[in-house]
Amino acid sequence: MFGALDTLFSTTGIKPKDIGILVVNCSLFNPTPSLSSMIVNKYKLRSNIKSFNLGGMGCSAGVIAIDLAKDMLQKSMLIPNCLFRVGGSAVLLSNKSIDRSRAKYQLVHVVRTHRGSDDKAFRCVYQEQDDNGKTGVSLSKDLMAVAGGALKTNITTLGPLVLPISEQLLFFCTLIAKKLFKKSIKPYIPNFKLAFDHFCIHAGGRAVIDELEKNLQLSPTHVEASRMTLHRFGNTSSSAIWYELAYIGEKERVRKGHRIW
C-alpha cells in the first residue's frame, strides 16, 4: 500500500501535504485503525483532509471510489489521492486546469449499478461463519447471474452516453419490437467497439473474461490486458482494472483521442 503511494508521489511530484481528499478502498480487509488513518499517519497529511475508508464492496469498489472522488472534486475543488488496495494501485485525480497538460487520461463518464435491494444480489458474496465457527466469505451459485444482470443494466445506462446514433437506434428498435410483438427476438448487443478503443474487463476469472469477450464480440487483443492481469497477478478484486489500464499504457497502445472502458 505504501509502496504504491511512494511511487505515485515520486512520479507526479505531488507532495503529501497537497492532498485534500483521501479515498481508500479495500474489498474485504477492514483493520482498526483504518487504512486511511494509517496513510494519514504515515505521510503526515494535513489536519483538514477529507478522508474516506471504503470496505466490503467487493470487486466494484475501485469504480465506486473513483465516483466518490469525482463527486468530492466537484464539491470541494481540491486534489484527492484515491488508493485502491488488494494488489496496491494508486490513482491521482485533479480538477485543476494547470494539471490538464500532464494528465494521462480524462474521466468522462462514471456509470454505477447497485443491486443491493435484491436478496440474491445482496447475499451472492457474503461474510459469515461456517459450521466450524470459522468466519469467511462465501460465494453464491447465483454470483454469475447477478453479475450478468448488473452488467446488462449498466450497459443499458452507458449506451446512450457513448454509442453512435446508429447503434442506439438498432438497440431500441429491437427492444420495442420485442415488447410489441412479444416474440422471442434475440436482444441486439450494441457494437461497443464503435465507442471504445480499449477495454478493461474485470479479471475475476477466465470464465468471466471468456463470456464478456463472446457477448460483446471483442477480439483477443481487446481482452489481452484482462487475461494478462489474471495470469500474472490472479484475481486482485477491485484493483484489477487499474492493473489492466497500466498494462495497456505500458504496451504503448493508447493514442491521443482513444477511449477506454
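Helix 1 passes helix 2 in a right-handed crossing, where helices are DSSP runs of H or I with at least four residues, strands are E runs of at least two, and both are numbered from the N terminus. A crossing is called right-handed if the near helix is turned clockwise from the far one by less than a right angle, and left-handed if anticlockwise. The model is a predicted one, in which local features need pLDDT of at least 70 and side-chain atom pairs count only at pLDDT 80 or more, while totals for chains, interfaces and linings use all residues. Residues are numbered from 1 along each chain as its sequence is written, and side-chain values use heavy atoms, with hydrogens and water left out.

The axes of helix 1 (residues 2-12) and helix 2 (residues 35-43) come within 12 Å and cross at roughly 50°, the axes being lines fitted to C-alpha atoms, for helices over the stretch in contact, with angles from 0 to 180 degrees between N-to-C directions. That angle makes helix 1 oblique to helix 2, since angles under 35 degrees count as roughly parallel, over 145 as roughly antiparallel, 65 to 115 as roughly perpendicular and the rest as oblique. Phe2, Leu5, Asp6 and Phe9 of helix 1 make the contact with Met38, Ile39, Lys42 and Tyr43 of helix 2, contact meaning heavy atoms within 4.5 Å. By class, these residues are six nonpolar, no polar and two charged, with Ala, Val, Leu, Ile, Met, Phe, Trp, Tyr, Cys and Pro counted as nonpolar, Asp, Glu, Lys and Arg as charged, and the others, Gly among them, as polar.

The backbone on either side of helix 2 also deserves attention. Most residues other than glycine have a negative phi, and most peptide bonds are trans. The peptide bond from Thr32 to Pro33, however, is cis, with omega near 0°, and Pro33 lies in the loop between strand 1 (21-26) and helix 2. In the loop between helix 2 and strand 2 (50-55) is Lys44, a residue other than glycine whose phi is positive, near 50°.

Gln217, which is not a glycine either, has a positive phi of about 55°, and its place is in the loop between helix 7 (206-215) and helix 8. Helix 7 and helix 8 pack at an angle of about 175°, with their axes 10 Å apart, which makes helix 7 roughly antiparallel to helix 8. In this packing Arg206, Ile209, Asp210 and Glu213 of helix 7 meet Ser226, Arg227 and Leu230 of helix 8, a contact of two nonpolar, one polar and four charged residues.

Helix 8 (residues 224-233) also packs with helix 9 (residues 240-250), their axes coming within 9 Å and crossing at roughly 115°, and this crossing is right-handed. The contact includes Met228, Thr229 and Phe233 of helix 8 and Tyr243, Tyr247 and Ile248 of helix 9, and its residues divide into seven nonpolar, two polar and three charged.

What space is left inside the model? Here the count comes to one cavity of 30 Å³ or more, a cavity being a set of points, on a 1 Å grid over the protein atoms alone, where a 1.4 Å probe fits but cannot get out. About 60 Å³ of space lies in the largest cavity, the volume being the space filled by probe spheres set on the points, which are joined across faces, edges and corners. Its lining, made of residues with an atom within 4 Å of a point, includes Ile155, Leu163, Phe171, Phe172 and Phe192. Helix 5 (143-162) and helix 6 (165-181) are the elements that give two or more residues to this lining, and helix 5 provides the largest share, four residues. By class, the lining has seven nonpolar, three polar and no charged residues.

Terms used
1 Å grid on protein atoms, 1.4 Å probe; cavity = no way out; pocket = protein on both sides within 12 Å on 5 of 7 lines; lining within 4 Å.
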